Amino acid sequence: MAWQRQGLPPISMAVNLSPRQFSDEHLLRDIDDALAASGMPPNLLQLEITESLVMSNVDRAMRLLGAIQSRGIRLAIDDFGTGYSSMSLMKQFPIDTIKIDRSFVRNLPDDCQDKAIAQAIISMGKALGLTVVAEGVETAGQDQFLRDQACDEIQGFLFSKPVPPEAIPALLLPLASSPPVQPKSSPPLVDRQLPA
């Protein structure tokens with residue numbers, strides 16, 4: 001929000017939830033308090049959880065994710081493909097985004113199995129109306145393969161290594177005059193890992 005006050009374009013902020021945070025009975029209150037204190041509109045916040053986190057208590061996870069999404073907050077499954085979720089449950093979770101784990105991206109486009117897995121995840125995500133993000137993109141070959149598969153978003157060292165908050169404005173300035181890089185429903189995303 002401070003960056004917006006500096007005249008930079010609105011971006012959504014992705015925040016990873018730890019297992020401790022996800023199991024905290026005050027999580028919804030904490031989210032509401034953080035949004036109120038920052039002045040951030042809920043649609044600019046994306047919370048990321050892992051498959052294994054939601055699978056540890058499916059009923060509670062469904063209720064909690066539904067309550068989070070009802071606030072207008074976007075939800076993402078991080079490291080997708082490494083957990084234990086069943087496809088029948090995945091279609092029931094109120095999520096907006098799946099993030100292909102970097103272990104399936106690392107050897108693209110040369111590894112036939114990783115190609116098949118990435119293609120399958122992208123196809124499944126599209127069929128379910130989800131945004132699909134590929135994590136850990138480091139080479140032009142990986143980038144091109146994922147673009148050819150119509151992956152919605154790509155993140156990784158190919159574009160930028162992690163930078164401190166004070167370096168973000170320089171990265172956002174070019175976005176102020178360029179066309180959107182994400183679906184019109186959500187602004188560009190900054191992925192931020194917060195301490196547990």
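## Terms and model

Contact here means heavy atoms within 4.5 Å, while helices (H or I, at least four residues) and strands (E, at least two) are DSSP runs numbered from the N terminus. The model is predicted, so that local features need pLDDT of at least 70 and side-chain atom pairs count only at pLDDT 80 or more, whereas totals for chains, interfaces and linings use all residues. Residues are numbered from 1 along each chain as its sequence is written, and side-chain values use heavy atoms, with hydrogens and water left out.

## Helix H5

Helix H5 covers residues 58-70, and its 13 residues, at 1.5 Å a residue, should span 18 Å, in agreement with the 18 Å between its end C-alpha atoms; the expected span is 1.5 Å times one less than the number of residues. Ala61, Leu64, Leu65 and Ile68 are the buried residues of H5, where buried means under 20% relative accessible area, exposed over 50% and partly exposed in between (1.4 Å probe, protein chains only). Seen down the axis of H5, these buried residues fall within an arc of 100°, so they line one face of the helix, the arc being that of the directions from the helix axis to the C-beta atoms.

The buried residues of H5 pack against helices H2 (19-23), H3 (27-38) and H4 (51-55), and against strands S2 (45-50) and S3 (74-80). Asp59, Arg63 and Ser70 are exposed on the other side of H5, and just after this helix Gly72 takes a positive phi of about 95°.

## Lys126

Lys126 lies in helix H7 (residues 112-127) and counts as partly exposed because its relative accessibility is 37%. Leaving aside neighbours within four places in sequence, Lys126 is in contact with Val132, Ala150 and Asp152; the C-alpha atoms of Lys126 and Ala150, 24 residues apart along the chain, are separated by 9.3 Å.
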